[in-house]
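Please open the model in your viewer and follow the stops below in order, selecting residues as they are named.

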Amino acid sequence: MTHRESILDRAEKRWPEYREIALAIHSRPETSNHEYFACEILSDVMRKEGFEVTVDVAGHPTGFTAVYRAEKPGPVLVFLAEYDALPGLGHGCGHNLFGPTSCLAAAALRQVVEETGGEIRVYGTPGEEGGENGSAKGSFVREGFFQDVDAALCVHPGADQHQLTGPEIACAPVRITFTGRAAHASSSPQDGINALDALVLVFNAIGLLRQQLTKDVRIHGIVTKGGDAPNIIPALTEGFFYVRAATVGRMMKVYHQLEDIVQGAALQTGCTGVLEPAQRNLVENIVPVPSFDAVYRRVLESLGETVAERQLPLGSSDVGNVSHVVPVIQPMIRISDQPVAGHSIEKREACRSETGLRSIALGAKALALTALELLENPELLRQIKADHAAALEKEKTM
């Protein structure tokens, strides 16, 4: 049996168990950094597959690493796994499929790595959707988990088409708070300092700022605390915002503009205003490596699939943090027979449909075979790494 045949056979035979894991995770959705069940079931299956597993890593109790090192030396390849759900919606982004797909890919590739040489890892990275300790891939990067890694791979559940990796944009989640002074809103308004007025000024100023922003920039937010009663001048208000842009540099420029807006609103109302990060890690934009995606595309087409052109992305993923240190792919894989919007009830249902569940086997095969090409063709891997380095240099000029 060839290496390709061995991988395909293993992925197909093991798929039923990973299908059940995906359904179990779907039925027990856990939000960012609370994915205790998902972490346990995925790390357990990796132990069963012969990997050395460590749970609670990089400052994330629900993070894990699974490592299989062949006796013969070779490249170090990482499969990235996500498994958090959306607050109030559940698995409307497809991470119940994402984690099992990466784990099955690693398990399938393990069948041949003793002959090819190399090291296979799965990094279980919590909190892709954010949260106070969110976007764990940033922590994995900061803590040195990618220092000896040659490349990283994953596929993200999409909609009704396969698409290649897109340049997802950077994102800085921030909280804005204003502190004023409470007073009776009718009998003694002159004694109050209205913190809600300050927050309203921020929303209005952002609306005006948008006229001068490039089309890749997004600022969107909600009021998380606006006051307690109409007859009490609000003494404390809070908003939660995302600042996004095509590059980290451009995002930070807008971030500093928003800081000025907050201080301006505070000055106009007499409040104290504070803007601070809402989570541990910023989310960096993805730096695509087309030559890496070309390998995945060739593999996927060899499996009888067709890849569509990627639509302009305006979302964000902490896979971007990884892409700033090693070459990475995160193509979108088909999970539905019809279009479904991301972060929707329809996508949540697609993530437990038979088409969605079959994507685990297909995605695992495509990822493992892509990784196999990197293990067997050192010159290809060198070229991908060189292309990645060039893309990073180009990023500095944007």
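**A tour of rings and helices**

Begin by selecting Phe-64, which counts as buried because its relative accessibility is 0%; bear in mind throughout that this is a predicted model.

By the ring-centre rule, the aromatic pairs come to eight, and Phe-64 and Tyr-83 form a stacked one, with 6.0 Å from centre to centre and 20 degrees between the planes. Phe-64 belongs to strand S2 (residues 60-69), whereas Tyr-83 sits in the loop between strand S3 (76-81) and helix H3 (95-116), so this pair ties together parts that are 19 residues apart in sequence.

Next, select Phe-140 and Phe-145, whose ring centres are 4.8 Å apart and whose planes stand at 45 degrees, so that this pair is tilted. Phe-140, at 0% relative accessibility, counts as buried.

Finally, display helix H1 (residues 3-27) and helix H2 (residues 36-48), which pack at an angle of about 165 degrees with their axes 10 Å apart. With angles over 145 degrees counted as roughly antiparallel, H1 and H2 are therefore roughly antiparallel to each other, and H1 passes H2 in a right-handed crossing. To see the contact, show the side chains of Arg-14, Glu-17, Tyr-18, Ile-21, Ala-24 and Ile-25 on H1, together with Phe-37, Ala-38, Ile-41, Leu-42, Val-45, Met-46 and Lys-48 on H2. Coloured by class, this contact of H1 with H2 has ten nonpolar and three charged residues, and no polar ones.

Technical notes. Residues numbered from 1 in each chain as written. Predicted model: local features only at pLDDT ≥ 70, side-chain atom pairs only at ≥ 80, totals over all residues. Heavy atoms only, no water. Axes fitted to C-alpha atoms, helices over the stretch in contact; angles between N-to-C directions. Helix = DSSP H or I, 4+ residues; strand = E, 2+ residues; numbered from the N terminus. Parallel < 35°, antiparallel > 145°, perpendicular 65-115°, else oblique. Left-handed = near helix turned anticlockwise from the far one by under 90°. Contact = heavy atoms within 4.5 Å. Nonpolar A, V, L, I, M, F, W, Y, C, P; charged D, E, K, R; others polar. Phe/Tyr/Trp six-rings, centres within 6.5 Å; stacked < 30°, edge-to-face > 60°. Buried < 20%, exposed > 50% of the residue type's maximum accessible area, 1.4 Å probe, protein only.
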